[in-house]
Amino acid sequence: MKDDAVMLVMFRVKNFASFRDEVVLDMRATSYAQHPSHILIEKGCPKLLKTTAIYGANASGKSNLIRAMHFFKQKIFQRPAIDDGDSAESISNAPPYEPFLLSPDRKEPTEFQIVFFADGKTHDYGFSLVDDQVVEEVYYVGTQDVFTRRGDSLAFGKKAQPFLSKYDKISPRELFASAMLVFLDKEAKETLFSGFWRFFAREYVMYDTIFYESSIKRAHETFPAVSFINEEGAIHFRERCLPLIKLADFSIRDLEIRSQEFSLPGRKPITRYVLDIVHTVYDADKREVGTVIFPLERESSGTKQFLELIEDITDAIDRGGVFIADEMSAHLHPFLSKFIVDLFQAESNTRAQLIFTTHDVSMLSSAQFRRDEIVFVEKDEQGASEIFSLSDLKEREDVNFQKNYLQGKYGAIPIIREVMEEEAEAAP
């Protein structure tokens, strides 16, 4: 039996990286009639979008939005300090504090907020930082206050009071929610934080292409990008993902599983189960005459990235939650990017969401997306990023989104022509 659906409603950030002013990534669907299958419907929850594609020029702030969402999760899972909050362990484990720096007011709080749906209720959690110190933190479930923190002051809701009242002091460097996930007993966590823990630990999945690429470069020193600690995991991956891999048309006939020992400095050899790729061999008349097996390392970076992605994506669609990917289309053919988006937009998906940044304009059309599923990020002359959706621009459904975007009608593209014209006018 599947757990209740867990879904992202909205994410808000202010004064982080290139976001000087408040921006909101809103997953709530508008009243558009187009693509009804792109909507998630759950009792007690507003109608939510299955997919959001984020477009914008290089350095516009697209990745900063994903980094803000990543920072949120990192801060929650920061290890609690072992003393008064100034321990080297606590400080080194903290994610980097990145306020907007192109402003004379450097003491403005950096604010984060997430609203998500879990256990049949809406959860609202957020915190504010100044110089990496927590100045405010709040958590509501439905209409019930779990806790409110302002400076050194902590207040608890009626239901939470018996469980949390003894934890009346917290390091200014730490989130109260993070500490409670560590120090509360099983009953208290289940009562107060079950939806919170489930969402952030299991259903809030970050996929970073830069991290993926660095892991590929280190593969020969550690483990292949797709490897498993036991044979059952490898078999499970093969059974679930091979049909999708064949649909994606990589000319892959099969996946073979084998065990391999890896030697690490100063440690005993470790056994992992890895995948070999089975390809068909054809003669000069294009008849099948056999197969050949390649180790995964010999495949293209696009194939390896797809294999890495498809495992996480099938998990997300089966389990539910939100899959967040920066530059998802890197190394992938546009058809493969569309294939992944189609998996999330399919009627059979009733519990998972996809948020991704991309430069792939081949999908930028009303055939692929509703207008509220297309988001743009643009940076102004002061270096501050803003986000807006195509629905905010009141665009009609019947226009050519791709053409209008490339012509600059929506903004969020490099203004190369204007720069060249200005340089030409300034030339002697």
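The structure is a predicted model, in which local features need pLDDT of at least 70 and side-chain atom pairs count only at pLDDT 80 or more, while totals for chains, interfaces and linings use all residues. Residues are numbered from 1 along each chain as its sequence is written, and side-chain values use heavy atoms, with hydrogens and water left out.

**Overall architecture**

- The chain holds 12 helices and 19 strands; helices (H or I, at least four residues) and strands (E, at least two) are DSSP runs, numbered from the N terminus.
- Of its 428 residues, 50% count as buried, where buried means under 20% relative accessible area, exposed over 50%, and partly exposed in between (1.4 Å probe, protein chains only).
- Among contacts in the chain with a separation of 6 or more, 61% are between residues 24 or more positions apart; contact means heavy atoms within 4.5 Å.
- The accessible surface of the chain comes to about 21,400 Å², and 51% of this surface belongs to carbon and sulfur atoms; accessible areas come from the Shrake-Rupley method with a 1.4 Å probe, and for residues only the protein chains shown count as cover.

**Hairpin of β14 and β15**

- Strands β14 (residues 270-282) and β15 (residues 288-295) run antiparallel and are joined by seven bridges; two strands pair if DSSP finds at least two bridges between them.
- Five residues lie between the two strands of this hairpin, and K286 in the turn has a positive phi of about 65 degrees.
- T280 is located in β14, and its bridge partner in β15 is T291.
- T280 counts as buried because its relative accessibility is 19%.
- Not counting residues up to four places away in sequence, T280 touches R253, E288, G290 and T291.

**Hairpin of β9 and β10**

- Strand β9 (residues 144-150) pairs with β10 in the antiparallel sense over four bridges.
- Two residues separate the strands of this hairpin, where G151 takes a positive phi near 65 degrees.
- F147 stands opposite F156 of β10.

- Y125 is part of strand β7 (residues 121-130) and counts as buried because its relative accessibility is 0%.
- Leaving aside neighbours within four places in sequence, Y125 is in contact with F72, I76, F112, Q113, I114, E137, V138, Y139, F147, L175, A177 and F196.
- Y125 and F196 are 71 residues apart along the chain, and their C-alpha atoms are separated by 8.9 Å.
- Helix α4 (residues 176-183) is mostly covered, with six of its eight residues buried.
- The buried residues of α4 are F176, A177, S178, A179, M180 and L181; A177 is also one of the contacts of Y125.

- D119 is found in the loop between β6 (110-118) and β7, and it counts as partly exposed because its relative accessibility is 34%.
- Apart from neighbours within four places in sequence, D119 is in contact with D4, A5, S194, G195 and R198.
- D119 and F199 are 80 residues apart in sequence, with a C-alpha to C-alpha distance of 9.9 Å.

**Positive phi in loops**

- Most residues other than glycine have a negative phi.
- A17, in the loop between β1 (7-14) and β2 (23-26), has a positive phi near 50 degrees.
- A17 is buried, since its relative accessible area is 17%.
- E327, in the loop between β16 (321-326) and α10 (334-345), has a positive phi of about 55 degrees although it is not a glycine.
- E327 is partly exposed, since its relative accessible area is 22%.

- The largest cavity contains about 30 Å³ of space; grid points are joined across faces, edges and corners, and a volume is the space filled by probe spheres set on the points.
- Its lining consists of Q34, H35, S366, F369, R370, R371, E397 and F401.
- These lining residues divide into two nonpolar, three polar and three charged; Ala, Val, Leu, Ile, Met, Phe, Trp, Tyr, Cys and Pro count as nonpolar, Asp, Glu, Lys and Arg as charged, and the others, Gly among them, as polar.

Methods
On a 1 Å grid over the protein atoms alone, a cavity is a set of points where a 1.4 Å probe fits but cannot get out, and a pocket is an open set with protein on both sides within 12 Å along at least five of seven lines; lining residues have an atom within 4 Å of a point.
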